[in-house]
Amino acid sequence: MKLIKYTSNPNGPTLGLSTTSGVEIIYQDGLAFKDLNKSGKLEKYKDWRLSPKERAKDLASKMSLEQIAGLMLYSSHQSVPAADRGFRSGTYGGRSFAESGAKPWELSDQQIEFLKNDHLRHVLVTSVETPEIAAKWNNEMQAFVEGVGFGIPVNNSSDPRHSSDSSKEFNEGAGGHISMWPEPLGLAATFDPEAVKKFGEIAAREYRALGITTALSPQVDIATDPRWFRFNGTFGEDAKLSADIGRAYIDGFQTSDGDAEIAEGWGYHSVNAMVKHWPGGGSGEAGRDAHYGAGKYAVYPGDNFDEHLIPFTEGAFKLEGKTGKASAVMPYYTISYNQDPSGENVGNSYNKYIIHDLLRNKYNYDGVVCTDWNITHDFSGKMDVFIDGKPWGVEELTVAERHYKLIMAGVDQFGGNNEMEPILEAYRIGVKEHGEAFMRERMEQSAVRLLINIFRLGLFENPYLDVGETVATVGCPEFMEAGFKVQLKSVVLLKNQNQVLPLKPQTTVYVPKRLYPERKDWFGNSIPERLDSPVNMDLVHRYFKVTENPEEADCALVFISGPDSGIGYSNEDAAVGGNGFVPISLQYRPYEAKFAREQSLASDRSYKGKTIRTTNECDLDLILNTKELMKGKPVIVSLLLTNPIVVSEFESQVDGLLVNFGVQDQALLDIISGKAEPTGLLPFQMPANMQTVEQQFEDVAHDMQCHTDAVGHVYDFAYGLNWDGPIEDERTKKYKKTGSK
C-alpha cells in the first residue's frame, strides 16, 4: 500500500499526496498547492481557487494530442481483483492474480498499460471483493497516475450496484457491502421523487467511499415497448414520471452541500451522473434490444420521437439542485430509424443530427457525451451475441473512421475502448479534411468537458480514500435501513380477493419448491437446472408456521418470475431457412405471433406466424399445480417482474397477487404478514393479452388494452392496492392517466 500524506489549507481544501509519486507541495500567498507536473510553478490548472472551467482550459491547452486521446477513452469492464478468465480477466507480472500471489488491490498489467501508455483516466469498475479492497485499489491507482504527466486523477465509474440480495436478512444493526434498494422500476413504483433523491444521496456517499466518481446512470429511457429487456433498468413507460424520478435521482447523486460543497453544488459528496440513453432506446422494433445485431433498430410507428426526449429535456437537463444538469449523456446503440431529416440511418452516437443538431444545438447540452460500450468495435455478424462490436449503420467503416465520425458528430468519449491509437488516426483523418488548427480545437473542446467533471469533485486536490472511513460508510446501518424502507414502498399489491392479505401470525403456509430451468446468461454462459426453495425459508419460519404438506396448510405462497422467451432471435430458425427473427413473448405458454406485422418497419425482420416458448413455462405450472393441491384454499403469488406480463393465464386462479422489482425476501414477508402495508403503484400497463402487445406502437406509451381481473380491477399504469382497496392519493392524482386504451 502506498502511504498518503496530507496538507491542509486555511479555508481551503486538504491536499492528499502519495509519498511515492514524486509530486511535491508548492506554496503561494501562504497557501498549499500540488505541483502535479513537477514544474515548480503554480500554473492555472493546479490553482484550486480558480473555477473548474478555467483550470480545465489551461490544462487542455498544455496536453499533448496523445494525452487528450487517452482522456477520451473509457475503459472496458474492470473487476477488483482482475478475473482469471473471461472479458474481465487480467494478469499480474504475466500470471493470473490467483497464481501470482498479488494482493487483490494491486493494479493488473493491463491497467498499468492503459494508464501509462494509453493515458487512459476513465475506468469502469464492476465487481469488487470488499469495500476495503476497493478503497486500497483506488489509492494504488491514484498514486500511480499522480506521478505521470500532468498528474490527472482517475475518474472511476460504475453501472448501478445497489440491487437487493433477496435472501439476505435485513438487520438494522449490521451493515453490508453496500446498501440494498429496489431496481429502478421499483424506485419508479414508489411514485416518490423525494425517496429517489434520498437514494441518490446515499448511493453517492457510498460511491465516493469506494472511489467511484461517475455513475453510469440513471436510465431514463421511457420503456414504451413492454417486451424490451432493458425495461427493468428504466423508470417505466411514462415520460412525466421518468422525468421527475430521473431529476430527483441526479440531484441526489450530484449535489453536495454544507462543508462538502466546493462550488455550485459540486463537491466531495458529488458523483457525476451519466444519464442514458439519448434520445431513448425503449422503442426497439418488436421489443428487441440493440446490444444484439438482431435489435439494432428503434422504430417510431406512432410518430412519437419527441416524447422520448422529455425525461432528458424536462428532467435530466432541468435539475432542481445547483448542479443544473446531468454532467454526462450516453446515447443508445440503436439506429433511430428514419428520424434524421437527411435520411441517414446510423447508430445514435454516430448520427450528427441526433448529437450535434438536437442535443448540442437545440437543447444546448454542453456536458460530456460518451458512447455506449464497444460501438467502434467490429461486428462478428452473429445476431445473438452480447459481447460483440455494435457499429450499427457504419459496419463498412474502419475502426479509426468510426472514431472520426463520432468526433465530428459531437461525441467526447468512447466507451469500452482502452487504446488511443484509433483516436490518433481519427485525428489525422480530420487534419486532412479540416486542417490541424480545427482538429486541435475540436479535441481540446472534448478535453475541457472531460476535465471539468474531474476538477469539480476535488479529485485533483485529493483523490485518496481513508480505508477505515470507507468500511464505516459503505453499507452502514443507516443506509441499509433507508434502502429497506424504500424496498417496502416499491412492492405493488394487484389482487387481494376476500382480503386474504395480510396473513395472521399463526397462519400455516405451504411454499412449493421452484424449478429453475437450465438457461444462458447475457454473456452466453450456461446456468444449470436446479430445484430449490424460491425464498429464504429460515425467514419464512419467523413469520408463519410452515408445512411441506399442502393439506395441512391454511394457504400457499408461490414465488415466481415473469416469462422469459429470449431476445427475439433464433439460430434454429435461421438454420432451417428462416430469417432468424422470432417473437418475444410476455406469456408463459407457447405463443404464436398471429398478430405480428406482415412486413417489419426496418429491414426484413418479420416473424408473423412463428411460435416461441418461454424457458420458465414451469412457473405457470407451479401456480396451477399448487392451486389443485390446495383444494380451494387460498393461493398467493409473489411475482418478480422485469417487464409487464400477461397475467390472464393464472390471475383468476389465485387469491392474492403481489409484484416486486427486486427486493429482499424480508420486505415481501413484511408485506404479506401485515408488518408493512403495500403502497406501490404499477409504473407501466399490464397487457390483457399478446394481441394488444403486438398491436401497440413501439414508441407510444399507455396504448395497450389492460388486464381486468376477476374482481373488476384494471391493471393500468398507477394502479395498486393497499389493505383498503385501490390506492387514490396525491400520487395517482398527479400521474394517473385517463382515457387509456
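**Aromatic pairs, a proline loop and a buried helix face**

Trp-278 is buried, with a relative accessible area of 0%, where buried means under 20% relative accessible area, exposed over 50% and partly exposed in between (1.4 Å probe, protein chains only). The model is predicted, so local features need pLDDT of at least 70 and side-chain atom pairs count only at pLDDT 80 or more, while totals for chains, interfaces and linings use all residues. Residues are numbered from 1 along each chain as its sequence is written, and side-chain values use heavy atoms, with hydrogens and water left out.

**Aromatic pairs**

- A search of the whole structure finds 32 aromatic pairs, a pair being two rings of Phe, Tyr or Trp (its six-membered ring) with centres within 6.5 Å, counted as stacked if the planes are under 30 degrees apart, edge-to-face if over 60 and tilted for the rest.
- Among them, Trp-278 and Tyr-363 are edge-to-face, because their ring centres lie 6.0 Å apart and their planes stand at 75 degrees.
- This pair links distant parts of the chain, 85 residues apart, with Trp-278 in strand S14 (residues 272-278) and Tyr-363 in the loop between helix H10 (352-362) and strand S18 (368-369); helices (H or I, at least four residues) and strands (E, at least two) are DSSP runs, numbered from the N terminus.
- Tyr-363 counts as partly exposed, at 25% relative accessibility.
- Tyr-569 and Phe-581 also form an edge-to-face pair, at 5.3 Å centre to centre and with 80 degrees between the planes.
- Tyr-569 lies in the loop between strand S27 (555-561) and helix H17 (571-575), and Phe-581, twelve residues apart from it, in the loop between H17 and strand S28 (591-592); both residues are buried.
- Ring pairs also join Trp-181, Phe-199, Tyr-207, Phe-235, Tyr-249 and Phe-253 into a cluster.

**Charges over rings**

- The charged end of Lys-136 sits over the ring of Trp-105, 4.2 Å from its centre, a label that requires NZ of Lys or CZ of Arg within 6 Å of the ring centre and within 35 degrees of the ring normal.
- The charged end of Arg-530 sits over the ring of Tyr-516, 4.0 Å from its centre.

**The loop at Pro-301**

- Pro-301 is found in the loop between strand S15 (297-298) and helix H9 (310-316), and is partly exposed, with a relative accessible area of 27%.
- Not counting residues up to four places away in sequence, Pro-301 touches Arg-597, Leu-601, Phe-697, Glu-698 and Asp-699, contact meaning heavy atoms within 4.5 Å.

**Helix H1**

- In helix H1 (residues 52-62), the residues Arg-55, Ala-56, Asp-58, Leu-59 and Ala-60 are buried, and the buried residues of H1 pack against helix H2 (65-71) and helix H13 (436-455).
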